[in-house]
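Morning, everyone. I have one structure to show you today.

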Amino acid sequence: MLRRAITTSLALQLVLLSYCAAQAVDPGPIRVGDRWSYDIKDGLTGDLRQAVTIVVGEVNEKEITTRISVRGKDRPLTFVFDHGWGRIDDGVWKNRPNDLLAIRKPLQIGKQWRAEGNSTNIQNGVALQTSGLAKVVGQATITTPAGTFDTFKIELTVRQINTRDQTKSTTLNVVEWYAPAINRWVRKNTEVRAEGRVRDSFVDELTEYSRKP
């Protein structure tokens, strides 16, 4: 009985230590000038699709406004996110409250959340009803070209239904490895499904990260 109690206690301590390790490095709040660079690769072939850099241009209590540069293109894009990195406005889609891919801090294994929203394409008027489910399923140490990071593994599913034709729907299945030490994910796998088939898949991997001094 005593041995079992000691074993249980040690196991609990290891879990707590693992949780604390992922939370230990606190870079403080996101601030103007923070930047992250990613390679976006095809999920099937591994071929490079794009190389992008996200730079924070403005931060207020509700939103993060970023400038996103795509290698090979002259004009950067402006994306607006909430503080959980849920996209609010990318110049084509306006999402309320966000695209439902936002995280909710504090993160811990087993935490889950649901959300509902809507998205409108300001160019063609298409409107979508959205619903999402997310769960923190574990922790992992992930190495990318930018370094090695302690992360939380988060699985997110977002369903989008066309309000004009509810037979048309798309599902996004996302697995994200979020590193508290950099205030963002270091790897993210995205799969897009429609009509029962995989229509697209791609992987974002962090290649560089820096903070404004």
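I'll go from the overall fold to the core, and then to the pocket.

First, a caution: this is a predicted model.

Start with the fold. The chain has 1 helix and 12 strands.

The chain has 213 residues, and 38% of them are buried. The accessible surface comes to about 12400 Å². Carbon and sulfur atoms account for 51% of that surface.

On to the core. How many residues does the largest nonpolar core have? It has 37. Five of them have the most contacts inside it: Trp36, Trp85, Leu107, Ile154 and Val186.

Let's pick Val186. Leave out residues up to four places away in sequence. Val186 then touches, among others, Tyr38, Ile142, Phe149 and Trp177. The list of contacts also includes the residues Asp204, Glu205 and Leu206.

Now the largest pocket. About 1100 Å³ of space lies in it. The lining has 36 residues. Which ones lie nearest the centre of the pocket? They are Phe79, Arg87, Asp90, Lys188 and Phe202. What kinds of residue make up the lining? There are 20 nonpolar, 7 polar and 9 charged.

Note on methods: Residues numbered from 1 in each chain as written. Predicted model: local features only at pLDDT ≥ 70, side-chain atom pairs only at ≥ 80, totals over all residues. Heavy atoms only, no water. Core = buried A, V, L, I, M, F, W, Y, C linked by side-chain atoms within 4.5 Å. Buried < 20%, exposed > 50% of the residue type's maximum accessible area, 1.4 Å probe, protein only. Contact = heavy atoms within 4.5 Å. Helix = DSSP H or I, 4+ residues; strand = E, 2+ residues; numbered from the N terminus. Areas by Shrake-Rupley, 256 points an atom, 1.4 Å probe, with all protein chains shown as cover. 1 Å grid on protein atoms, 1.4 Å probe; cavity = no way out; pocket = protein on both sides within 12 Å on 5 of 7 lines; lining within 4 Å. Points joined across faces, edges and corners; volume = space filled by probe spheres on them. Nonpolar A, V, L, I, M, F, W, Y, C, P; charged D, E, K, R; others polar.
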